[in-house]
Amino acid sequence: MATMVHEVLGETVKRYGDRPALRVKRDGGWRTTTWSVYARDARRVARALIKLGVQPGTGVSLIGYNSPEWLEADVGAILAGAFPAGIYTTNTPEQVRYITDHCDAKVSFADTAEQVEKFVVEQERLPKLEVVVQMLGKPKEPTRGRLRVIGWEELLTLGDGVPESELEARIAAQKPDDVCTLIYTSGTTGDPKAVMITHTNLVWTAECIAKTLDFTSNEVTISYLPLSHIAEQMLSIHGPMAMGSVLYF
């Protein structure tokens, strides 16, 4: 039985590799990503993070509305041994700065130029942050102050230059009880608290959801609640991954 996120993903790809995993409506039509392509691109993200110097046990912050790229960035960070840390899209630049700084992010993801700007205006207070990946659209400029801003395709191309063996070494070094995701609390007093969630926690909970609700690979899920919340991560990332079902954005 799988106890780690990469094991679940690998088993699902073996069973359902050619079946749809993610569907998003863009430019007037539906774009489909199969499980095999989902896993391939998550691994490309992971290799790109290695290329950009992201170390195991450090954070990678993400802000943006629900999208295939958000999931691939999240899973890619986990594969690289880093901790994805989601940020609510409505958070202010100061709140974005706090989470990004707190999780020691060297690389962050934002879906639009407007969200990229939240990192740009706070860059002097983010000494560890070096790169912001704009997941949708082409960045206005390749550098903003001392920050490097790259697009999604540029990120994936960076990953292609890193040997698979380097990623496999990162994956092999991880253990079931290792932390693999940070969830920052909302609605609490003071600054958000980083909840540390392990591989075992995510995998076990996803399996329980599928068994309790009698879900199968034939389920169809719509992703719409904020992905920075653990409930939506279970329903959009880890639940469908455990079942091999399709997710719509």
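The radius of gyration used here is taken over C-alpha atoms, and the globule rule sets it at 2.2 Å times the number of residues to the power 0.38. With that in hand, let's look at this predicted model. For a chain of 249 residues, the rule puts a compact globule near 18 Å; the chain has 17 Å, so the two agree. Along its principal axes, the C-alpha trace spans about 50 × 40 × 40 Å.

What is the chain built from? You will find nine helices and twelve strands in it. Of the contacts between residues at least 6 apart in sequence, 67% join residues at least 24 apart. Buried residues account for 54% of the 249 residues.

For a closer look, follow strand 5, which covers residues 107-110. Val107 and Phe109 point one way from this strand, while Ser108 and Ala110 point the other way. Are these residues buried or exposed? All of them are buried.

Strand 5 also has partners to trace. It pairs in the parallel sense with strand 3 (residues 59-63) over three bridges, and there Phe109 is the bridge partner of Leu62. Strand 5 pairs in the parallel sense with strand 6 (residues 131-134) as well, over four bridges. In that pairing, Val131 of strand 6 is the bridge partner of Val107.

Conventions
Residues are numbered from 1 along each chain as its sequence is written. This is a predicted model: local features need pLDDT of at least 70, side-chain atom pairs count only at pLDDT 80 or more; totals for chains, interfaces and linings use all residues. Side-chain values use heavy atoms; hydrogens and water are left out. Helices (H or I, at least four residues) and strands (E, at least two) are DSSP runs, numbered from the N terminus. Buried means under 20% relative accessible area, exposed over 50%, partly exposed in between (1.4 Å probe, protein chains only). Contact means heavy atoms within 4.5 Å. Two strands pair if DSSP finds at least two bridges between them.
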